[in-house]
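Keep the 3D view open as you read.

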Amino acid sequence: MNQYKTTIGIEVHAELKTKSKMFSDSANNYGKMANTCTNVIDLGYPGTLPTINEKAIELALRAALVLHCKINKVMHFDRKNYFYPDNPKNYQITQNRTPIGIDGYVEITINNVPKKIRIHDIHIEEDTCKSIHSNNKSLLDFNRAGVPLVEIVTEADMNSAEEAMAYLEKLRELLLYADVSDCKIEEGSMRCDCNVSVSKTETYGTKIEVKNIGSISNVGVAIDYEKARQISLLEKGQVLKEETRRFDDKTNSTILMRVKETGNDYRYFPEPDIPFIELTDEYIEEVAKNIPMTAEKRREIYLNNGISEVNVKKIIQNRTISDYLNKFINQNLNLVIASNLLLGDITAYINKYEIPLEKTALTDEKFIDIVTCLDTGKINSKIFKEILEDVMEQDLPVEKILENHGVREMSEEELSEIINKVLENNEQSVSDYKKGNERAIKYLMGQIMKETKGNANPNTIVEKLESKLKE
Amino acid sequence: MDKLSKEEVEHVAHLARINLEEEDIERYRIQLKKLIDDIDKIKDIKNYDEEMLITPVTFHSDLRKDEIGSMLDYKEAMKNVPASNGNFVEVPVMINE
């Protein structure tokens, strides 16, 4: 049974982050009461005409660019015709002949081995209404009808559930960081359909499409299930038919759906209500320039700044933290300390009080001051923990907060006095050090730190201590 | 061939979601064939330009700013709906369970 090769192609629909819909100005708003975000265009009233959402074109172009696609500079829309209750016009406006982007790729890495998953095309289309099926009825919500989408179609380049999941994770990261889509699979703003086939020869087997998969990990489950199901049927000598199945997350299996039209049955023809759209080189350049920094680039910068791989991963998973940290790149700030603070105490504070970072009293100046204080040793992490709540809640400069907590830099005299006292009380260690026992200085250092209660800069202490021991 | 096959007519009827009686099918086998032949005549036009013409206008599309405009209120949107269920439009079930 092992000689079967699995071949997988994936279609992803991602909703674009716009305020209004693709071809109408009603609201693109998730979570509103059903059928309250519609207008005559979304409902397919006779005599209505579509208009094109400028932002949707920009976001789709961004997506095409981050997927390394060639751009169709003169493009149009097509009508995909079918009778189905999810679309009252009886056609969906999509792009068939001139998708905005073609021939791109996404690079995935599994066990340090890179692999390019080729993108056949990325095209713009309108979403259908949302349908819920229960008790022999289907219930429709047209709030989703007309929401702008990009559909991203790969070549059949994946051969395992692991590769499929890696592709989806990477694609999601690309779209998320380019601000194209919020890619919330659970809310349906990113949806995956997988085409799975198995074959013992070089010729592809019969393609089975699996729809309705609600998470990236379930894509893996669905693919493994389909692979096993198809192999078992073939082994029984059965012939597979091309069909569409849906994933059922209660049973972790796939179920046959009623067959909709395919291929020529859609009778695509150019949408006559929308003239050609031209994307000039200047426009494409402008859009490319405004794409936010990719996760890939961020990773590179963070690693180059000495942040650990574990922390880099954590930062990338949290876009807010990554954006915050990025404000301080090239500012001569210790990014290791900065990232530790953000991922550690600051995240803990945010989670504890459930307030977003931007709603706290933490300003960029305060953040820089704290990182600098920690970097130069003016304060230690214990003191930072003590002042954390005040930093996050009070509109006071860090210096003032430290003063309020009785944390101040010790005068030279005070420090000298403490050092002298410690040296007097630890004659043995002093003599050990003088005999060449380097470790003795650490002990002395610890004693001094204890006496200063963290109010002295460790670098200054070391300097002074060394010079005193040399006397 | 002067008429379509029975299966071809049935396929078109399925796409249009209409039920046909046997005698309808027979009639449409001839009528649809005639229609297709008429459309095929376009190919006989001299200097027929295969290049796609999607619109007679030469100007390009204007793009709309991404701003929310006026929407139908819920009652108005649901006015022509034959059946509703809660806030939803209700239709016969679309998939086989």
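pLDDT is the predictor's confidence in each residue, on a scale from 0 to 100. You need that score here, as this is a predicted model. Which parts of chain B have the lowest and the highest confidence? The lowest is helix α1 (residues 6-15) of chain B, with a mean of 91, and the highest is strand β1 (residues 63-64) of chain B, at 94. Over chain B, the mean pLDDT is 86, and 88% of its residues score 70 or more. For the complex, the predictor reports an ipTM of 0.87 and a pTM of 0.83.

Now turn to where the two chains touch. On chain A, 43 residues are in contact with 33 residues of chain B. Several elements of chain A each supply at least two residues to the side that touches chain B, among them β2 (52-53), α1 (54-66) and β9 (130-134). The most comes from β10(A), which gives five residues. Sorted by class, this side of chain A has 19 nonpolar, 14 polar and ten charged residues.

Next, look at chain A as a set of domains. Its domain assignment lists domain 1 (5-282), domain 2 (293-404) and domain 3 (412-470). Taken over C-alpha atoms, the centres of domain 1 and domain 2 of chain A are separated by 38 Å.

Two packed helices are described by the angle between their axes and the distance between the axes. Here are two pairs to find in your view:

| Helix pair | Angle | Axis distance |
|---|---|---|
| α8(A) and α9(A) | about 120° | 9 Å apart |
| α1(A) and α4(A) | roughly 75° | within 10 Å |

Take α8(A) and α9(A) to begin with. Angles from 65 to 115 degrees count as roughly perpendicular and those over 145 as roughly antiparallel, and α8(A) and α9(A) are therefore oblique to each other. Their crossing is right-handed. In this contact, α8(A) uses I337(A), A338(A) and L341(A), while α9(A) brings I370(A), V371(A), L374(A) and D375(A). By class, that makes six nonpolar, no polar and one charged residues.

The helices α1(A) and α4(A) are roughly perpendicular to each other. Their contact joins E58(A), L61(A), R62(A) and L65(A) of α1(A) to I284(A), V287(A) and A288(A) of α4(A). These residues divide into five nonpolar, no polar and two charged.

Key
Residues are numbered from 1 along each chain as its sequence is written. Chains are lettered from A and ligands numbered from 1 in the order in which they are written. This is a predicted model: local features need pLDDT of at least 70, side-chain atom pairs count only at pLDDT 80 or more; totals for chains, interfaces and linings use all residues. Axes are lines fitted to C-alpha atoms, for helices over the stretch in contact, and angles run from 0 to 180 degrees between N-to-C directions. Helices (H or I, at least four residues) and strands (E, at least two) are DSSP runs, numbered from the N terminus. Angles under 35 degrees count as roughly parallel, over 145 as roughly antiparallel, 65 to 115 as roughly perpendicular and the rest as oblique. A crossing is left-handed if the near helix is turned anticlockwise from the far one by less than a right angle, and right-handed if clockwise. Two residues are in contact if their C-beta atoms, placed from the backbone, lie within 7 Å. Ala, Val, Leu, Ile, Met, Phe, Trp, Tyr, Cys and Pro count as nonpolar, Asp, Glu, Lys and Arg as charged, and the others, Gly among them, as polar. Domain bounds come from an automatic or database domain assignment.
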